[in-house]
Amino acid sequence: MRVIVKAMLAAGMIASASMASAAGTLVYCSEGSPAGFDPAQYTTGTDFDAAAETVFNRLVQFQHGGTKVEPGLAEKWTVSPDGKTYTFALRKGVKFHTTDYFKPSRDFNADDVVFTFVRMLDKNLPFVKANPTEFPYFNDMGLNDNITKVEKVDAQTVRFVLKDADPAFLQNLAMAFASVHSAEYADKLLKEGKAAQLNQQPIGTGPFVFKRYQKDSQIRFAANKDYWKKGEVKVDNLVFAITTDPSVRVQKLKAGECQVTLNPRPADVAGLKADPKLQVMTQAGFNLGYVAYNVKHKHLDKLDVRKALDMAINKKAILTAVYQGTGQAATNPMPPTQWSYNKTLKDAPYNVDAAKKLLAKAGYPSGFEMTLWAMPVQRPYNPNAKLMAEMIQSDWAKIGVKVKIVSYEWGEYIKRAKNGEHDAMLIGWTGDNGDPDNWLGTLLSCDAMNGNNFSKWCYKPYEDLIQKAKHTTDTAERTKLYLKAQEVFKAEVPFTPIAHSTVNQPMLKSVQGFKVSPFGTNSFYGVSVK
């Protein structure tokens with residue numbers, strides 16, 4: 001049996017290597033299966049890479065590898081003096097993908113933009129009634145309340161009307177959830193009774209056309225030969241080879257079975273940098289790994305318990321064992337490179353005895369039992385969630401808290417966590433648009449309680465500060481409000497920040513044009529293989 005298995009593996013490696021070296025094919029060793037292909041339904045980089053960065057475009061987009069907003073499906077725009085009305089002039093001649101399941105009869109126009117956003121605003125829209133869907137990011141950011149109207153001015157012009165000014169509105173529209181869908185395709189699916197197919201067989205205007213998906217195995221895309229941005233698509237085929245084990249991803253990269261892979265384990269970085277066939281791009285990560293406490297659950301609803309758990313975590317040991325020199329200790333709910341970061345805040349010192357006293361004060365002198373969820377995938381903000389969970393389990397045992405470590409497949413992990421099934425969980429975030437609200441609002445607001453607010457924390461003194469900041473156009477005033485909000489966060493401990501990690505992106509030296517995104521996504525337009 002072992003001989004047969006080895007032979008099969010060898011054959012598979014030869015086939016994969018052949019595929020990787022085929023002219024015009026780029027293979028990316030990704031870390032997990034996407035939950036679907038409608039970016040508006042999800043919040044993770046795994047899902048965004050597989051759809052938003054391949055199949056779709058947005059009205060505006062971030063500069064490749066940067067944070068500057070530039071024209072996308074909209075060529076230009078104007079903003080009213082009060083900051084509440086945005087009018088977009090749409091790009092002409094942009095074509096939606098032609099596939100074996102859809103052939104568009106017209107080019108992209110205002111109807112597509114209106115459908116994309118109205119479906120997130122109007123639950124009575126026939127398409128939404130046929131396929132009830134949550135839009136976590138859109139709602140987490142409060143856009144469902146702040147956008148009062150999305151209207152077609154003419155075929156090439158769309159107007160957004162806001163209730164309150166939002167200084168980050170353009171950055172928000174450049175994010176994955178705002179990917180523009182085909183209204184014609186949606187209408188076809190609705191008539192056929194197949195509305196859910198929008199999330200399974202996507203149609204967009206992006207650089208790559210979706211071909212097929214095999215869960216836990218691969219996603220295949222073909223170049224969009226009609227892409228509106230000429231010269232941006234430099235490979236004929238793009239393959240996501242789904243490989244959950246980071247050590248296997250490294251092996252595949254070294255064997256030439258994939259040309260680009262996701263961030264490696266810290267222990268593998270030195271070896272990758274020493275390999276003459278490889279290049280490793282390195283930059284400071286705009287990210288945060290943390291432990292979220294579900295404040296709706298028993299024990300964790302008490303502030304003294306959360307403070308005790310927080311000060312019982314040995315961050316220094318975690319940085320050494322888990323990040324191995326590629327991480328920096330985190331104090332705040334966002335990284336130091338984010339403007340409005342509060343430099344005056346300090347962590348409570350690691351102190352087991354003080355933590356025990358706090359537990360006793362809270363009514364648990366003998367501790368209690370709880371679950372700690374550990375991610376099944378490696379993310380840039382957490383290179384080894386299993387090891388981190390085991391170390392925290394050991395830390396908390398010292399204060400009498402008995403921990404059961406729980407994990408699920410990535411899509412199920414996120415789904416169950418949003419339903420609030422966890423006690424505490426390991427999770428993290430990579431910034432999406434460079435605005436403080438993308439951290440302080442998206443992760444901790446009342447609007448986000450059914451989305452990325454995994455702490456299920458809704459605290460009025462904090463909420464008042466971030467909502468006022470979100471709708472204030474003066475940057476200095478916004479900064480003051482966000483500085484104060486971070487003080488409230490630190491006092492209430494809805495989650496424990498652990499670390500910000502350095503991003504290491506390995507690939508073959510034959511790969512050209514790849515740029516590391518500050519937002520943690522992986523884009524393959526403009527990328528070629530020698």
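Colleague: At what angle do the axes of helix 3 and helix 8 cross?

Modeller: Two packed helices are described by the angle between their axes and the distance between the axes. In this predicted model, local features need pLDDT of at least 70, side-chain atom pairs count only at pLDDT 80 or more, and totals for chains, interfaces and linings use all residues. Residues are numbered from 1 along each chain as its sequence is written, and side-chain values use heavy atoms, with hydrogens and water left out. Helix 3 (residues 110-121) and helix 8 (residues 183-192) have axes that cross at roughly 60° and come within 8 Å. Axes are lines fitted to C-alpha atoms, for helices over the stretch in contact, and angles run from 0 to 180 degrees between N-to-C directions. Helices (H or I, at least four residues) and strands (E, at least two) are DSSP runs, numbered from the N terminus.

Colleague: Which word describes how helix 3 and helix 8 lie to each other?

Modeller: Angles under 35 degrees count as roughly parallel, over 145 as roughly antiparallel, 65 to 115 as roughly perpendicular and the rest as oblique. Helix 3 and helix 8 are therefore oblique. Helix 3 contributes Asp111, Asp112 and Phe115 to the contact, and helix 8 contributes Ala183, Glu184 and Ala186. Contact means heavy atoms within 4.5 Å.

Colleague: How many residues of each class are in the contact of helix 3 with helix 8?

Modeller: There are 3 nonpolar, no polar and 3 charged residues. Ala, Val, Leu, Ile, Met, Phe, Trp, Tyr, Cys and Pro count as nonpolar, Asp, Glu, Lys and Arg as charged, and the others, Gly among them, as polar.

Colleague: Is Leu372 buried or exposed?

Modeller: Buried means under 20% relative accessible area, exposed over 50%, partly exposed in between (1.4 Å probe, protein chains only). Leu372 has a relative accessible area of 0%, so Leu372 is buried. Leu372 belongs to strand 15. Among its contacts, leaving aside neighbours within four places in sequence, are Val291, Trp396, Ile405 and Met425. The C-alpha atoms of Leu372 and Met425 are 5.2 Å apart, although the two residues are 53 residues apart in sequence.

Colleague: Where is Pro380 found?

Modeller: Pro380 is in the loop between strand 15 (369-373) and helix 14 (385-397). Its relative accessibility is 11%, so Pro380 counts as buried. Not counting residues up to four places away in sequence, Pro380 touches Asn263, Asn287, Ser501 and Val503. From Pro380 to Thr430, 50 residues apart along the chain, the C-alpha distance is 8.0 Å.

Colleague: How many helices and strands does the protein have?

Modeller: The protein has 18 helices and 20 strands. Its radius of gyration is 23 Å, close to the 24 Å that the globule rule gives for 530 residues, so the protein is as compact as a globular protein of that length. The radius of gyration is taken over C-alpha atoms, and the globule rule is 2.2 Å times the number of residues to the power 0.38. Of the 530 residues, 58% count as buried.
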